[in-house]
Amino acid sequence: MEARQSRRNARHTEGLGFVIGALMLGMLLAALDQTIVSTALPTIVSDLGGLEELSWAVTAYILSSTVSTPLWGKLGDQYGRKKLFQAAIVVFLVGSALCGLSRNMGELIGFRALQGLGGGGLMVLAQAIVGDVVPVRERGRYQGFFGAVFAVSSVAGPLLGGLFVDHLSWHWVFYVNLPVGALALAVVSSVLPSGVERTRHAIDYLGMAFLGGATTCLVLMTTWGGTAYRWDDPVILGLAAAAAVLLALWWRAEKRAAEPVLPPRLFGLRAFNVASLVGFVVGFAMFGSLTYMPLFLQVVQGVSPTLSGIHLLPMMGGMLVTSIASGQIISRTGRYKAFPVLGTAITALGLFLLSSVHADVSALRLSVFLLVLGVGIGLVMQVLVIVVQNSVGFDDLGVATSGATFFRLIGGSFGVAVAGSIFTSRLTGDLERLSRTVRVPPGLERAVQSDPTAIRRLPPETATAFLAAYSDAIAHVFLYGAPVALVAFVAAWLLPEVPLRETTKEADLGECYGAVPTERSSLAQVERGLWRLAEADMRRDYYRRLGDLSGVDLPPGAVWLLARLGTRGRQSGAELAERAGVTVERGRPYVDLLVARGLIRRVGDGALELTPAGEQVADRLVAEAREGLGRLIRDWNPQEHPKLRELLHRLPGELLGSPADRPRDG
C-alpha cells in the first residue's frame, strides 16, 4: 500500500515539477534580460556604434514590458493563460533572435522593444499559471521560488552578460534564450493543462495606449533634449505637447473605464503619491547605475566584461540582503517609515560618492561606493509595496500594488534615458574642450563617441586625456542623480505610518526586487497573504488547538480526520490514508476511536462517513477555523465585501485536512 501511494505521489510531483520548472525558466529568461545586457553594452556599442543611443537598448525593454503587463494579465484571464504564455514565449524568442542579428543600434532598440513585449507576458503569466496548477495550500511555497528567481536574476544578470561577451560574443547574450526558451515552450505545450476557469474583463485598451504613448513621449523628450535637439527645438516641444495631450486623454479614459489600469482616485491618496515618487527614484538610481557603471569599468578602467559584472556584485548583493532584512523587520515590528527615509539618504550618499570616480579609483573604494548605493536602494524596495497595500481599501488593493510597481519601472526607464542624455551632453562638451588642448586626428572625436574602444588605439598621452573625458562624463551621471535621490528623501518624510494589516505586513520578494511587473487582483492579494499566515499557524500544533477551541476532546489525528470528512464528505480508508501520507494500519486507531464515539461509521467498500453527531462536531471545527481566518482579515472589513465573505466560506474546505499539516502524533 505504502509503495503504491509513494508511486502516485511521485508521479504527481514529477508532472507538477516539469510545469513549475518550465514556468521558472520562462520567467528567468525575461527577468535576466533586464540586467544581463548591461555589461555587454560597451562591447555592443563598439561593434554597432551609436553610443548616444546606448540607453535605449535598456529603456526599450523595460518600457515595453511594463506597459504590456496589464494587457497580458487581462487577456490571460479572458482567453486562457496557456495559449497566451505560449504566445509570449514565441514573441520573446523571436525578439531575442532578431536582437542577436541586429546590424545597428536602431535595429537592436526596436528588437529589444519586441523582446520586452514578450518578456512582460512571461513574467506576469508565469505567476498567474502557478495559481492554476498548484493546489491553493502549496502556492505560497512555489511562488516563493519565483521571488527567488527575480532576486537571483538581478544579481547574476550583469555577471552572466560579461561571461558571454568574454567567452563567446555579445550576440550570445540574446541567443542563449533560444534553446532554453524552446525547452520551456515544449514542456508548457505538452504538460500544462489548458482547461481552467476564465474571467471576462472590460479591458482598458484606451488607458493602456494613452499611458504608454505619454510615457514614451516623455522618455524620448528627456533622451533627446539638450543632446540631439535643443530644448526649444520644435521636436522637443512637440513631444512635450503630445505627452500632455495623451496624459489628459488617459485621465479622461480612466474615469470612464470599468476596469481602469490605474484608477485616478489613487492619486488622491498621499501614501500612494509619495510611495510612487520614491519608487520612481529607486528605479531611476538602480537602472541608471547598472547601465553606465559597466561603461566606466570597461572603457575607463579597461577591465573585461566579466570583471565588470563582478564589480557590480556589491551593489546587487547589498540590494538583495537589505531588501530581505528590512521586510522581515517590518513584518515583526509593524514599523516601516524609518526605512525609506534612511534608504533614500543612503542612496543619495552612494550616488554622490560615485560622482567622484576617476580612472585611478581603486577596486576596493569603488566596491564600497557601490555597496552603499545598493544598501540604500534595498532599504526602500520592500517598504513601498507594503505602504501602498496598507493605505488603500480592498477594491483598490490589486491596482495599487500594480501602480507602485509601474512607477518603479518607469523610473528605471527615465533613469537610463536621463543618464544617457547627461552622459552624451557632458562627453560632447568635454571632447570639444579637449580638441582645443590636445592634437587629435580629424574625425577622431566622432569616432570615439561612436566606438569607445577607439581610445585604446591612441597614443598614451592622448588616450589618458580621452579617458579622463569619459570618466568625467560618467561621474556627472551620478552627480546629477544625487539631488534626485534627495527629493525622494524629503518626500519619504511625508509617508504616513499607518497600522499594518495582517495579510500585507510582508510583501513578496518578487513584487519588490528589481523591475518586476505585478498584475494580481485584490482578492488574490488578500488570499495570498492569508494562506501565508494560515500555513505558519498550522505548523504550531494547529489541530490540538482547534479541538480545544471547539470544545472537542479528541487527539489531533482524530480532529484532522473529522475535519477532512466534514469538508470532503464520504471517503474510503485508503483515500484518507493516501491523503495523510500514512498506511491504513497507522490511521486505524483514529478511525476506531471515532467509531466508538459515534462520530463516524463504516459503510460499504471500506468507506467512512460522518454520523449526524459527527456532522455537528465537524461543523463546529469548520466554524472555528473560519472564525480564525476571519480574525486574520478583519482589518479588511469582510462584512462589506462579498468576495471576502465567499473567500472565508471557501477557504476552510481547502485548508482543513491537508496532508501538509497532518498531525505527527503517531
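Strand 2 and strand 3 (residues 607-610) are paired in the antiparallel sense, over 3 bridges. The model described here is a predicted one.

**The sheet**

Strands of a sheet pair through backbone hydrogen bonds, and the pairing may be parallel or antiparallel.

What is the order of the strands in the open sheet? The 3 strands follow the order 1-3-2, with antiparallel pairing. The edge strands are strand 1 (571-572) and strand 2 (600-602), each of which pairs on one side only.

In a regular strand, the side chains alternate between the two faces of the sheet. Both faces of strand 3 are covered: Ala607 and Glu609 are buried on one side, and Leu608 and Leu610 are buried on the other. Helix 22 (residues 556-568) lies across strand 1, strand 2 and strand 3, and runs at about 85° to strand 3.

**The chain as a whole**

The secondary structure of the chain comes to 26 helices and 3 strands. Of the 666 residues in the chain, 57% are buried. Among contacts in the chain with a separation of 6 or more, 80% are between residues 24 or more positions apart.

| Helix | Residues | Number of residues | Span, first to last C-alpha | Expected span |
|---|---|---|---|---|
| Helix 11 | 270-300 | 31 residues | 44 Å | 45 Å |
| Helix 15 | 363-389 | 27 residues | 40 Å | 39 Å |

In helix 11, the span is close to the value expected at 1.5 Å a residue. The span of helix 15 is likewise close to its expected value. Helix 11 is mostly covered, with 27 of its 31 residues buried. Helix 15 is also mostly covered, and 20 of its 27 residues are buried.

Where does helix 11 bend? Helix 11 bends by about 25° at leucine 290, and proline 294 follows within four residues. Just after helix 11, glycine 302 takes a positive phi of about 75°.

**A buried leucine and its contacts**

Leucine 530 lies in helix 20 (residues 522-538). Is leucine 530 buried or exposed? Leucine 530 counts as buried because its relative accessibility is 0%, and buried means under 20%. Leaving aside neighbours within four places in sequence, leucine 530 is in contact with Thr503, Leu629, Leu632, Ile633, Leu647 and Leu651. One of these residues, isoleucine 633, is 103 residues from leucine 530 in sequence, yet the two are 7.5 Å apart in space, C-alpha to C-alpha.

**Cysteines**

Cysteine 99 counts as buried because its relative accessibility is 0%. Cysteine 217 has a relative accessible area of 12%, and therefore is buried. How many disulfides does the model contain? A disulfide requires a pair of cysteine sulfur atoms within 2.5 Å, and by this rule the count comes to 0 disulfides.

Conventions
Residues numbered from 1 in each chain as written. Predicted model: local features only at pLDDT ≥ 70, side-chain atom pairs only at ≥ 80, totals over all residues. Heavy atoms only, no water. Buried < 20%, exposed > 50% of the residue type's maximum accessible area, 1.4 Å probe, protein only. Helix = DSSP H or I, 4+ residues; strand = E, 2+ residues; numbered from the N terminus. Expected span 1.5 Å × (residues − 1). Bend = angle between axes of the 7 residues up to and from the residue. Pairing = 2+ DSSP bridges. Contact = heavy atoms within 4.5 Å. Axes fitted to C-alpha atoms, helices over the stretch in contact; angles between N-to-C directions.
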